[in-house]
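Hello,

Here is the structure I promised to pass on. Please open it first, then read my notes below.

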Amino acid sequence: MLQNVLLSRDIYASEEHKMMQEMIQDFIKNEIMDQLDEWEKNGMVSREIWQRAGALGLLCIDMPEHYGGSGLDFSFSALFIEELGREGITGVGFSLHSDIVAPYLLKYGTEAQKEKYLPQMATGKMITSIGMTEPNCGSDLKAIKTSAVDKGDHYLVNGQKTFITNGYMSDMSIVAVKTNVGTDGEGVSLLIMESAYDGFDKGIPFKKIGMKAQDTCELFFDNVKVPKENLLGKEGQGFKIMMTELARERLTVGLNAIGGAEGAIEKTIAYTSTRTAFDQPIAGFQNTQFKLAECATQLQIHQTFLDRCTQLLSDHKLTAESASMAKYSATEMHGKVVDECLQLFGGYGYIWDYPIARMYADNRVARIYAGTNEIMKVLIARGLFKALFAEMKAQKKQS
């Protein structure tokens, strides 16, 4: 019904995309949906679903085959993100693992690091996370306190990270640390840290409003010895690397949002077409029709923009500003769409057994993580006034 109105999407039009879409939909239907309640009860998904995704080639999709990936372009990863979003599946942190951690390793890792970690990640035998946020700082990554002291052949790491997606189940995390603290060379560096290291501990997964099957937790580092060969990129270049790679992360959040909005609209069309009130389907009321027409229009606009951004990322041309626009606008749209859809479910929309309730609880955090939407506006504005800010900075130096 919805597809009869929306424009066809060229980005997913190839036979390869259609085949993968069918496989993903079967995977979700047959191997994920029946486990959602159990995962939410446990506060995490199973390791088996990670390994099953790896066996199907759904992890590290755009990593080179040499490292165990599928060697496809990013549009196939985008398709997987959207399909999970359509069903409101948030417990499996596949995208962070495949679309954030894996690219960090591919672009900045040594050959030894790539050979050691990427093949295991592609099979799902190794689950990964990324440790940026700390209790004392959210989006301000320069303010991190976790330190790594150079001890010759290793770093000694102390500190804490919080709100870590995949944190409790992760076997390895890329962690942002401060190196050369108190010197002219002080800066942010990235270390590959395995959870088996002595002194590396995990907190109990948080009890959250939504995303109840996602094992989000704290990470603690108490004199953790990290081999020097686990430095990712160059010392002091961590902040620059993170800023460069955040564009991809933010696009993935936007893709999940448009997938989620599409799923919410589809489920609401189906519900309002069968649920009756005052001797007619709820869909027979003009208010229902207008609300869903508004939602479908916003979805169409964002699909078109996100498709363009996906192509730009595949061509290595996506800017930080465009990624920020995608994340900010798509997540705001997603929240409004799900809210409107829940209203059309009436009282049943507030019952957890109905997928729209889970979608409502789960989508709220998307306007916070990967950089708050307020930070997205700051980044967009910086691009708009880049020349002015450069001039003001130059004048300040002269004075």
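**The nonpolar cores**

The largest nonpolar core holds 64 residues, and those with the most contacts inside it are I32, I49, F94, L251, L255 and I265. Please keep in mind that this is a predicted model. Several elements give two or more residues to this core: α1 (15-31), α2 (36-42), α3 (47-55), α4 (74-86), α7, α8 (286-314), α9 and α10. Helix α7 gives the most, with 10 residues.

Take L251. Leaving out residues up to four places away in sequence, L251 touches F74, L306, C309, T310, L313, L318 and A326.

There is also a second, separate core of 28 residues. A122, M172, V188 and L190 are among its members. As background, nonpolar side chains tend to be buried together in soluble globular proteins.

**Strand β4**

Look next at β4, residues 172-179. This strand is mostly covered, with 8 of its 8 residues buried. Side chains in a regular strand alternate between the two faces of the sheet. In β4, both faces are covered. M172, I174, A176 and K178 are buried on one side, and S173, V175, V177 and T179 are buried on the other.

Its pairings are as follows:

- β1 (residues 128-131) pairs with β4 in the parallel sense over 4 bridges. S129 has S173 as its bridge partner in β4.
- β2 (residues 147-150) runs parallel to β4, joined by 2 bridges. A148 has T179 as its bridge partner in β4.
- β5 (residues 187-194) pairs with β4 in the antiparallel sense over 8 bridges. V177 has S189 as its bridge partner in β5.

**Aromatic rings**

A search of the whole structure finds 10 aromatic pairs. One of them is Y271 with F345, which is stacked: 4.2 Å centre to centre, with 15° between the planes. This pair links distant parts of the chain, 74 residues apart. Y271 is in helix α7 (residues 238-274), while F345 is in the loop between α9 (320-344) and α10 (355-363). Are these two residues buried or exposed? Both Y271 and F345 are buried.

F385 and F389 form a tilted pair, 6.2 Å centre to centre and 50° between the planes. F385 is partly exposed, with a relative accessible area of 43%. F389 is partly exposed too, at 38%.

Ring pairs also link Y271, F345, Y348 and Y354 into a cluster.

Two lysines are worth a look. K212 lies over the face of W352, 5.6 Å from the ring centre. The charged end of K228 sits over the ring of Y155, 5.3 Å from its centre.

Best wishes

How values were computed: Residues numbered from 1 in each chain as written. Predicted model: local features only at pLDDT ≥ 70, side-chain atom pairs only at ≥ 80, totals over all residues. Heavy atoms only, no water. Phe/Tyr/Trp six-rings, centres within 6.5 Å; stacked < 30°, edge-to-face > 60°. Buried < 20%, exposed > 50% of the residue type's maximum accessible area, 1.4 Å probe, protein only. Lys NZ or Arg CZ within 6 Å of the ring centre and 35° of its normal. Core = buried A, V, L, I, M, F, W, Y, C linked by side-chain atoms within 4.5 Å. Contact = heavy atoms within 4.5 Å. Pairing = 2+ DSSP bridges.
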